Amino acid sequence: MDIARRNNVTVTGNAQGPTVVLAHGFGCDQNMWRLTVPALIEEYRVVLFDYVGAGRADPSAFSEERYASLDGYARDVVEVCTALDLRDAVFVGHSVSAMIGVLAAAMAPERIGALAMVAPSPRYIDDDGYRGGFTGEDIDELLASLESNYLGWSAAMAPVIMGNPERPELGEELKNSFCATDPDMARVFARTTFLSDSRDDLKKVTVPTLVLECSQDVIAPREVGAFVHQAIAGSTLVTLDAIGHCPHLSAPEATNEALTSFLAGLR
């Protein structure tokens, strides 16, 4: 299979520079990074892609069995990195992609040399001694709503996830991104995302890691950012003056400054 076509891989920027891979979250696609790419392309080779079931990835490559776990998405990342023969790339993952990056780095340590996590969460459901932000009942209701009326769920949830109600165009963009995703594939990715528990995987991370959290985020509250930071030895935690779960769209300047500062420290 042509991996580049399967995942709609785009390569831009400085061909001689270190490689940065930008990975989107649930219901999104690579276009969500359009405000970050200009901050990177002068110094870095930038790789973007769409997960199968999102954006312009090849829908015929979708397999419910493969994508019923985050490992399936991580295998896609490894296959993209292998097809491009990437070495020591910096993997920047938004939301669930942060955990996909953790898994991919463990699968192919020679391919991924550092991680930057944007609004990560290793587990969305509260547990003893852990606050993920949702009860089990919350997630059951969220998934039931999504599975029964995906378009209605998208219209209701996108503004909540994005935050910034005084900037409704941001919530509208996220809603449109959700609605452009195939509902059946989105249901699988949503269940995989919101029922995942990657907490133990964090302890295995040995590469330089940046954790970017927002000051207010209903999907990944600050307790989650603190947990991720504490679980990954030597990681750097930066709290952005940003509201919502998508700071690369709502606060791109702050996000880009934190990311480029981290990248510069790796060189």
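1. Basis of the values. The model is predicted, with local features requiring pLDDT of at least 70 and side-chain atom pairs counted only at pLDDT 80 or more, while totals for chains, interfaces and linings use all residues. Residues are numbered from 1 along each chain as its sequence is written, and side-chain values use heavy atoms, with hydrogens and water left out.

2. Strand S2. Helices (H or I, at least four residues) and strands (E, at least two) are DSSP runs, numbered from the N terminus. Strand S2 (residues 19-23) has 5 of its 5 residues buried, so it is largely enclosed by the rest of the structure; buried means under 20% relative accessible area, exposed over 50% and partly exposed in between (1.4 Å probe, protein chains only). Thr19, Val21 and Ala23 point one way from S2, while Val20 and Leu22 point the other way. In a regular strand, side chains alternate between the two faces of the sheet.

3. Partners of S2. Two strands pair if DSSP finds at least two bridges between them. S2 runs parallel to strand S3 (residues 45-48), to which 4 bridges join it, and Thr19 stands opposite Arg45 of S3. S2 is also joined by 4 bridges to strand S4 (residues 89-94), again in parallel; there Val21 has Phe91 as its bridge partner.

4. Helix H3. Helix H3 (residues 70-83) has 14 residues and reaches 20 Å from its first C-alpha to its last, close to the 20 Å expected at 1.5 Å a residue; the expected span is 1.5 Å times one less than the number of residues. Its buried residues include Leu70, Tyr73, Asp76 and Cys81. The cover over the buried residues of H3 includes helix H1 (3-6), S4, H4, strand S5 (112-118) and H8. Asp85, which follows H3, has a positive phi, near 55°.

5. Val52. This residue is found in the loop between S3 and H3. Val52 counts as buried, at 3% relative accessibility. Leaving aside neighbours within four places in sequence, Val52 is in contact (heavy atoms within 4.5 Å) with residues including Arg6, Phe62, Tyr73 and Asp76.

6. Largest pocket. On a 1 Å grid over the protein atoms alone, a cavity is a set of points where a 1.4 Å probe fits but cannot get out, and a pocket is an open set with protein on both sides within 12 Å along at least five of seven lines; lining residues have an atom within 4 Å of a point. Grid points are joined across faces, edges and corners, and a volume is the space filled by probe spheres set on the points. The largest pocket holds about 160 Å³ of space. Helix H4 (residues 96-107) gives the most to its lining, with 4 residues.

7. Cavities. The whole structure contains 3 cavities of 30 Å³ or more. The largest cavity has about 140 Å³ of space and is lined by 16 residues, of which Phe26, Ser95, Ile161, Phe194 and His245 lie nearest its centre. The second largest cavity has about 50 Å³. Val52 and Tyr73 are among the residues lining the second largest cavity, and H8 supplies the largest share of that lining, 3 residues.
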